[in-house]
Amino acid sequence: MDRQIEERVQKTLDFIRKDRDIPEDPWFYSRLTARLEKEFQPSSPVLDRNLLWRLRPILAGVLILMAVTVGITLGKVLSNPSENQEMTLYGITEENDASIALFSELSGSFEEQIVLIK
Amino acid sequence: MTDQELLHGIRERDQAAFRELVEKNQQLVIRTCYSLVHQLEDARDLAQEVFIEVMKSAALFRGNAKLSSWIYRIAINKSLNHLKRSGRRNAFMSLFSQDLKVEKDASRSVEDKELKVILHAAIDRLPVNQRIAFTLHHYEELPYKEIAEVMNLSLSSVESLLHRAKLNLRKRLSHYYHQNLKEYGSSN
């Protein structure tokens, strides 16, 4: 069996001689020059258009994201307008109350001052 | 044209010089790529990439090595990168570790196709440096000195690499056939 194995190993290694016989490719040079022309072609507007065409999913994504953001912002602002109004009124009332209190405080002290002068 | 004249011509974008370089080295490059990637069409595509690289980098070549050695180096790098990208090496390795899916008609004469698969799988399992040295010596029939120049190693390192590569290949092939013949024997 060992001899049989040894023979097979040798046969496999001898196969290298057959394996390295590669048929010539008659079109190799013409295919290479065609590829070279492509490779060394200066970038043209067509290429830029191609690039934009390839980037269209990204551009579409950015546009959608922008639209969603604007939508959310506008929605927040415009939703529940009555609540906004109430808040404003409440704010104004609060401000008025504070002004009245300050006024009466000031006027009180003014009266006291007059009494003191008198 | 001499190597220097060819290089000068390529740097000057001389089409005749480039054509001569390609015709002179075409088979050498395809064979080197094929010995590593084992697919003829892939090897031809890679060979085209090699010549494009030669065209692009001709100005950077300092000429301290033989032109053919430089081209071999580019071909080897391109092939190894291709293998990395495609992951074919792993596929072959796993194929080999699964005792090769070759028809188990071992008592009959083994077909060339089977021999090819077994040989390629065994070569693919060699460590990279051994693989390069082995293929350059056995597929390209390069002398040790030129292999040393291509691989940028000393002569003794190349001798050692080749010796170990041969031992490893024999060991792997013996193991494979040992398993294969045993299984075939037990199935009968």
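Author: Start with the residues that touch. In helix 2 of chain B, the residues N25(B), L28(B), V29(B), T32(B), C33(B), L36(B) and V37(B) meet a set from helix 4 of chain B, namely S68(B), I71(B), Y72(B), A75(B), I76(B), K78(B), S79(B), L80(B), H82(B) and L83(B). Sorted by class, the residues of this contact are 11 nonpolar, five polar and one charged. The model is a predicted one.

Next comes the geometry of the pair. Helix 2 of chain B covers residues 15-37 and helix 4 of chain B covers residues 67-86. The two pack at an angle of about 35 degrees, and their axes are 9 Å apart. Their crossing is right-handed.

The crossing of helix 2 of chain A and helix 3 of chain B is right-handed.

The residues of this second contact can be named too. Helix 2 of chain A brings F28(A), R31(A), L32(A), R35(A), L36(A) and E39(A). From helix 3 of chain B come R44(B), Q48(B), F51(B), I52(B) and M55(B). By class, this contact between helix 2 of chain A and helix 3 of chain B holds six nonpolar, one polar and four charged residues.

That leads to the contact between the chains as a whole. Chain A gives 22 residues to it, and chain B gives 27 residues. On the side of chain A that touches chain B, helix 1 (2-19) and helix 2 of chain A each supply at least two residues. Helix 1 of chain A gives the most to that side, with 10 residues. The side of chain A that touches chain B divides by class into 10 nonpolar, two polar and 10 charged residues.

Last, consider chain A by itself. Chain A has five helices and zero strands. Read from the N terminus on, the elements of chain A run α-α-α-α-α. Of the 118 residues in chain A, buried residues make up 4%.

Notes
Residues are numbered from 1 along each chain as its sequence is written. Chains are lettered from A and ligands numbered from 1 in the order in which they are written. This is a predicted model: local features need pLDDT of at least 70, side-chain atom pairs count only at pLDDT 80 or more; totals for chains, interfaces and linings use all residues. A crossing is left-handed if the near helix is turned anticlockwise from the far one by less than a right angle, and right-handed if clockwise. Helices (H or I, at least four residues) and strands (E, at least two) are DSSP runs, numbered from the N terminus. Two residues are in contact if their C-beta atoms, placed from the backbone, lie within 7 Å. Ala, Val, Leu, Ile, Met, Phe, Trp, Tyr, Cys and Pro count as nonpolar, Asp, Glu, Lys and Arg as charged, and the others, Gly among them, as polar. A residue is buried if 20 or more other C-beta atoms lie within 10 Å of its own, exposed if 12 or fewer, and partly exposed in between; C-beta atoms are placed from the backbone. Axes are lines fitted to C-alpha atoms, for helices over the stretch in contact, and angles run from 0 to 180 degrees between N-to-C directions.
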